[in-house]
Amino acid sequence: MNITILNILEILCIFVFGSILFVWVVRYNNIKDEFKSFNLPKWLRDLVGILKLSFAIMLLNGNLEIVRIGALGIAVLMIAALVTHLRLKSPRHRMLPSFALLCICSYLTFLASQLLLTAV
């Protein structure tokens with residue numbers, strides 16, 4: 001089976017989309033509890049949720065430029081999440097999902113950029 005860069009990009013996009021959908025829809029009560037425990041305002045939680053879901057939807061778009069924007073947006077949000085965890089001295093295992101999504105979305109941004117360059 002020949003897996004191309006485009007296949008890898010698509011698989012990772014679906015994985016990130018599913019992960020964000022699961023956390024921000026199915027397990028939304030956990031998000032509410034986490035933001036509350038960090039003493040973060042509800043408006044910030046809602047803004048982060050809207051941005052994450054919007055960026056995740058962008059990952060499912062066939063346009064590589066939009067995919068790149070979505071991946072980059074999620075990566076920036078994951079940096080903010082990691083900084084928040086570090087400032088609040090969260091246990092390392094609580095930072096792992098943010099770090100993993102940061103790595104994957106950074107890679108997605110790179111892949112989409114490479115594919116856009118080769119298409120020119």
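Student: What is the volume of the largest pocket?
Tutor: Happy to start there! This is a predicted model, so the value is computed from its atoms. The largest pocket has a volume of about 790 Å³.

Student: Which residues lie nearest the centre of the largest pocket?
Tutor: Start from the lining of the largest pocket, which is made up of 28 residues. The elements giving two or more residues to this lining are α1, α2, α3 (42-58), α4 (64-87) and α5. Nearest the pocket's centre lie I31, E34, K52, H85 and S98.

Student: Which element gives the largest share of the lining of the largest pocket?
Tutor: Let's look at the lining by class before we get to the element. It has 18 nonpolar, six polar and four charged residues. The largest share of the lining is seven residues, and the element they come from is α5.

Student: Are the rings of W24 and F35 stacked or edge-to-face?
Tutor: By the ring rule, the count comes to two aromatic pairs. For W24 and F35, the ring centres are 6.1 Å apart and the planes stand at 70 degrees. Planes over 60 degrees apart fall in one class. The angle of W24 and F35 is 70 degrees, so their pair is edge-to-face.

Student: How many residues apart in sequence are the parts that W24 and F35 tie together?
Tutor: Find each residue on its helix. Both W24 and F35 are buried. W24 lies in helix α1 (residues 5-26) and F35 in helix α2 (residues 28-37), so the pair ties together parts whose separation in sequence is eleven residues.

Student: Are the rings of Y107 and F110 stacked or edge-to-face?
Tutor: Y107 and F110 both lie in helix α5 (residues 92-119), three residues apart, about one turn of the helix. Their ring centres are 6.5 Å apart. Their planes are at 25 degrees, so this pair is stacked.

Student: Is Y107 buried or partly exposed?
Tutor: Buried would need a relative accessible area under 20%. Y107 has 39%, so the class for Y107 is partly exposed.

Student: Which residue's backbone oxygen does the side chain of T109 reach?
Tutor: T109 lies in helix α5, and at 13% relative accessibility T109 counts as buried. Not counting residues up to four places away in sequence, T109 touches R68, A71 and L72. At 2.8 Å, the side chain of T109 reaches the backbone oxygen of C105.

Student: Which residues is S90 in contact with, leaving aside its neighbours within four places in sequence?
Tutor: S90 has its place in the loop between α4 and α5. With a relative accessible area of 10%, S90 is buried. Leaving aside those neighbours, S90 is in contact with F38, H85 and M95.

Student: By what distance are the C-alpha atoms of Q114 and L64 separated?
Tutor: Q114 lies in helix α5 and counts as partly exposed at 33% relative accessibility. Along the chain, Q114 and L64 are 50 residues apart.

Student: Is K89 buried or exposed?
Tutor: K89 lies in the loop between α4 and α5. Phi of K89 is near 55 degrees, a positive value in a residue other than glycine. The cut-off for exposed is over 50%. K89 has 72% relative accessibility, so K89 counts as exposed.

Methods:
Residues are numbered from 1 along each chain as its sequence is written. This is a predicted model: local features need pLDDT of at least 70, side-chain atom pairs count only at pLDDT 80 or more; totals for chains, interfaces and linings use all residues. Side-chain values use heavy atoms; hydrogens and water are left out. Rings of Phe, Tyr and Trp (its six-membered ring) pair if their centres lie within 6.5 Å; planes under 30 degrees apart count as stacked, over 60 as edge-to-face and the rest as tilted. Helices (H or I, at least four residues) and strands (E, at least two) are DSSP runs, numbered from the N terminus. Buried means under 20% relative accessible area, exposed over 50%, partly exposed in between (1.4 Å probe, protein chains only). A polar contact is a pair of N or O atoms within 3.5 Å; within protein, one must be able to donate a hydrogen and the other to accept it, and residues adjacent in sequence count only if both atoms are side-chain atoms. Contact means heavy atoms within 4.5 Å. On a 1 Å grid over the protein atoms alone, a cavity is a set of points where a 1.4 Å probe fits but cannot get out, and a pocket is an open set with protein on both sides within 12 Å along at least five of seven lines; lining residues have an atom within 4 Å of a point. Grid points are joined across faces, edges and corners, and a volume is the space filled by probe spheres set on the points. Ala, Val, Leu, Ile, Met, Phe, Trp, Tyr, Cys and Pro count as nonpolar, Asp, Glu, Lys and Arg as charged, and the others, Gly among them, as polar.
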